[in-house]
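The following note sets out several points for a reader who is new to protein structures. Please keep the sequence and the structure in view while reading.

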Amino acid sequence: MKKVLVLGGTRFFGKRLVELLLQDQDSEVTILTRGLTEDSFGERVTRLAADRTDEAALEQAVGDTVWDIVYDNICYTPDEAAAAVRIWAGRAKRYILTSSLSMYDPQPEALAETDFDPWHYPLKSGGKTDISYQEGKRQAEAVLLQTADFPVAAVRFPIVLGTDDYTRRLHFHIEHVLAGRPVGIPNPQAEISFIRSDEAADFLHWLGREGSAVTGPVNACSDGTLTIGGVISIIEQITRRTAIVQREAAETDQSPFGIGASWFMDTAKARSAGFSFLSLSEWFPELVSSLTHSLRQDQ
């Protein structure tokens with residue numbers, strides 16, 4: 001039986017990943033969290049409780065077990081990555097880090113994995129209060145890929161959406177349009193990538209099995225892009241309301257998608273390895289429709 005550990009598996013795409021892993025007849029699934037969020041896995045999983053940022057507690061929790069796959073959805077800093085390198089030295093056969101589109105700087109063309117090179121990025125230490133989210137993710141990749149004695153894949157996800165999105169980023173836009181509130185969007189023509197939460201989980205699951213030969217950074221997003229203005233247009237069509245779009249707005253009305261320049265990814269590496277992504281143009285309107293229906297019922 002394969003021993004699989006998931007760090008952060010009780011909500012959003014992490015929860016969906018655990019559900020997929022539990023369908024594998026050859027896997028024993030363990031989740032590690034702080035123990036603050038209830039889950040629906042029952043006796044199907046083993047649970048470990050530790051604060052991800054407390055290296056001693058984390059090491060004690062995982063013990064001497066040799067893990068076939070470690071999924072790390074909650075590594076945000078070089079200090080956390082360095083602790084992982086020490087703790088799982090000789091104890092991880094494969095390590096899959098959830099990384100981010102945020103590590104790239106925006107550009108007009110599709111971003112490929114080579115646009116940020118973690119193998120030659122200067123390393124530095126730091127925690128969440130010391131560095132930005134972008135730098136934290138860059139450093140986490142760099143530390144793991146440069147110093148770990150186990151194979152590492154770093155999955156660069158864009159904004160993840162779904163009915164289960166606890167950050168409610170797409171909800172924000174629909175709610176504002178329904179309420180007639182302005183939405184601050186500095187550049188409506190900026191293109192952006194998205195991925196659906198179940199698709200993100202599917203990709204992580206695939207990477208641990210069929211995609212086991214993939215190492216290093218790998219982009220993962222749905223096929224196609226949307227402009228931020230296109231997002232608003234779809235919401236207008238489905239809600240049958242006209243959005244109030246402003247280039248500048250109060251902080252509470254600023255779009256979570258309000259990027260100043262295009263920021264989207266190329267997925268040739270993942271596709272050449274055999275993964276087929278969903279079509280963004282097909283699922284995005286369906287998600288907007290589902291969320292709109294739910295929000296109207298709550299009014």
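A residue is called buried when its relative accessible area is under 20%, and exposed when that area is over 50%. The model discussed here is a predicted one.

1. Helix H4. How many of the residues of H4 are buried? The helix is mostly covered, since 11 of its 15 residues are buried. The buried positions are Glu135, Gly136, Lys137, Arg138, Gln139, Ala140, Glu141, Ala142, Val143, Leu144 and Leu145. Their cover includes H3, strand S5 (95-100), strand S6 (152-157) and strand S11 (216-219).

2. Helix H7. This helix comprises 12 residues, 228-239, and its end C-alpha atoms are 17 Å apart. At 1.5 Å a residue the helix should span 16 Å, so the two values agree. The buried residues of H7 are Ile228, Gly230, Val231, Ile232, Ile234, Ile235 and Thr239. Among the elements that cover them are helix H5 (169-179) and helix H9 (280-298). The cover also includes four strands: S9 (191-192), S10 (194-196), S12 (226-227) and S13 (244-246).

3. Arg240. Because its relative accessible area is 78%, and exposed means over 50%, Arg240 is exposed.

4. Phe12. A positive phi is also found at Phe12, where the angle is about 55° although the residue is not a glycine. Phe12 lies in helix H1, which covers residues 12-22. Is Phe12 buried or exposed? Its relative accessibility is 8%, and therefore Phe12 counts as buried.

5. Helices H2 and H3. The axes of H2 (residues 55-62) and H3 (residues 78-87) come within 10 Å and cross at roughly 35°. The crossing of H2 and H3 is right-handed. On the H2 side, the contact is made by Glu55, Leu58, Glu59 and Val62; on the H3 side, it is made by Ala83, Arg86 and Ile87. The residues of this contact divide into four nonpolar, three charged and no polar.

6. His205. This histidine lies in helix H6, residues 197-208. With a relative accessible area of 14%, His205 falls under the 20% limit and is therefore buried. Which residues touch His205, apart from its neighbours within four places in sequence? Leu17, Leu20, Leu21, Asp24 and Tyr71 are in contact with His205.

7. Cysteines. The structure holds zero disulfides. Cys75 counts as buried because its relative accessibility is 0%. Cys221 has a relative accessibility of 2% and so counts as buried.

Notes
Residues are numbered from 1 along each chain as its sequence is written. This is a predicted model: local features need pLDDT of at least 70, side-chain atom pairs count only at pLDDT 80 or more; totals for chains, interfaces and linings use all residues. Side-chain values use heavy atoms; hydrogens and water are left out. Helices (H or I, at least four residues) and strands (E, at least two) are DSSP runs, numbered from the N terminus. The expected span of a helix is 1.5 Å times one less than its number of residues. Buried means under 20% relative accessible area, exposed over 50%, partly exposed in between (1.4 Å probe, protein chains only). Contact means heavy atoms within 4.5 Å. Axes are lines fitted to C-alpha atoms, for helices over the stretch in contact, and angles run from 0 to 180 degrees between N-to-C directions. A crossing is left-handed if the near helix is turned anticlockwise from the far one by less than a right angle, and right-handed if clockwise. Ala, Val, Leu, Ile, Met, Phe, Trp, Tyr, Cys and Pro count as nonpolar, Asp, Glu, Lys and Arg as charged, and the others, Gly among them, as polar. A disulfide is a pair of cysteine sulfur atoms within 2.5 Å.
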